[in-house]
Amino acid sequence: MKGIVYKSTGSWYSVKAENGTFYDCRIKGKFRIGGIKSTNPVAVGDHVDFDIEKKGDETVGVIKHIDERENYIIRKSVNLSKQTHIIAANIDVAFLLITLNNPPTFTTFIDRFLVTAEAYHIKAVLLFNKIDTYNEDELLEIKFLAALYRKIGYECIGISAITGKNIDKVKAQMQDKVTMFSGHSGVGKSTLINAIEPDLDLKTSKISEQHLQGQHTTTFAEMFDLSFGGQIIDTPGIKGFGVVEMDKEELGDYFPEFFELKENCKFNNCLHLEEPHCAVKEALENEEIAWSRYKSYLQILEGEEDHFRKDIYEK
């Protein structure tokens with residue numbers, strides 16, 4: 001039988017068969033997918049072949065094969081530095097929810113997410129949530145950030161899951177597509193999904209005042225069918241987004257504004273560091289490229305993970 005993985009709990013997978021029936025499945029044998037050392041060989045969104053086995057009164061599915069993925073979004077496993085964790089597969093649009101504070105989303109996190117989406121050919125859209133809660137200065141900061149990313153070519157939408165502002169714009173992007181919501185814990189993913197599809201009634205929880213961070217209400221990625229067509233994948237809140245190994249020479253290609261200037265650099269393998277006649281450095285000096293983006297580029301290039309993984313609110 002053929003089906004799509006809707007939920008993974010580590011050892012068991014909820015698979016929706018082509019006939020619409022859900023089966024609890026497990027894996028038989030070891031899966032090695034394209035040399036990816038992943039903590040989860042099967043991911044939500046995977047298209048799989050599975051057999052049905054009867055065990056007493058129970059009907060259990062056994063996953064035998066995973067179809068080749070169109071794409072996937074991946075990050076370093078937080079606990080196992082050499083391994084990776086595939087968050088979801090076969091995604092049409094990845095939405096990143098951003099909040100200015102409560103909890104704060106830093107540009108380094110946004111940029112790492114965007115680099116990963118670029119590398120795996122996934123369209124990314126930035127959703128600036130909770131805009132009903134900001135004062136004038138904070139709204140200006142949001143506008144500045146949105147302008148920065150729009151200039152690069154990313155779609156940015158200011159939304160409020162509470163008041164419903166621009167929810168229709170988000171829904172229009174989601175119709176008949178497989179979409180994913182990602183972001184730190186507490187940015188309002190579950191609240192937003194409930195605003196889009198109230199019948200799902202996902203659990204939400206308040207921000208922990210002590211740390212200004214969200215409680216983890218989603219512990220595993222899970223896919224849901226949408227009444228207006230398509231599917232949404234809700235993901236666990238992500239603290240860090242460690243970028244998976246990329247060649248230093250290719251990293252700049254995943255910053256679209258760097259890639260555009262690359263042909264004007266003196267050296268075709270320019271890393272935009274100390275090389276002479278570097279078009280990216282010149283654009284940076286002329287304030288045509290955002291310093292925050294260049295800083296993110298340097299951090300990823302140098303493999304700086306420690307400060308990034310740390311919980312900055314830990315006492």
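So, what percentage of the 315 residues in the protein is buried? The answer is 50%. Before I go on, please keep in mind that this is a predicted model.

Okay, the overall picture. We've got nine helices and 15 strands in this protein. Now take the contacts between residues at least 6 apart in sequence: 65% of those join residues at least 24 apart.

Let's move to a pair of helices. Two packed helices are described by the angle between their axes and the distance between the axes. Here I'm looking at α1, residues 107–119, and α8, residues 291–301. Their axes come within 9 Å and cross at roughly 70°. Angles from 65 to 115 degrees count as roughly perpendicular, so that's what we call α1 and α8. The crossing of these two is right-handed.

Who's touching whom? On the α1 side you have T107, T108, D111, R112, L114 and V115, and they meet S292, R293, S296, Q299 and I300 in α8. By type, the residues of that contact split into three nonpolar, five polar and three charged.

You'll find I74 in strand β6, which covers residues 72–76. Is I74 buried or exposed? Its relative accessible area is 2%, and buried means under 20%, so I74 counts as buried. Also have a look at Y120: it's 46 residues away from I74 along the chain, yet the C-alpha atoms of I74 and Y120 are separated by 8.8 Å.

That's my tour, thanks.

How values were computed:
Residues are numbered from 1 along each chain as its sequence is written. This is a predicted model: local features need pLDDT of at least 70, side-chain atom pairs count only at pLDDT 80 or more; totals for chains, interfaces and linings use all residues. Side-chain values use heavy atoms; hydrogens and water are left out. Helices (H or I, at least four residues) and strands (E, at least two) are DSSP runs, numbered from the N terminus. Buried means under 20% relative accessible area, exposed over 50%, partly exposed in between (1.4 Å probe, protein chains only). Contact means heavy atoms within 4.5 Å. Axes are lines fitted to C-alpha atoms, for helices over the stretch in contact, and angles run from 0 to 180 degrees between N-to-C directions. Angles under 35 degrees count as roughly parallel, over 145 as roughly antiparallel, 65 to 115 as roughly perpendicular and the rest as oblique. A crossing is left-handed if the near helix is turned anticlockwise from the far one by less than a right angle, and right-handed if clockwise. Ala, Val, Leu, Ile, Met, Phe, Trp, Tyr, Cys and Pro count as nonpolar, Asp, Glu, Lys and Arg as charged, and the others, Gly among them, as polar.
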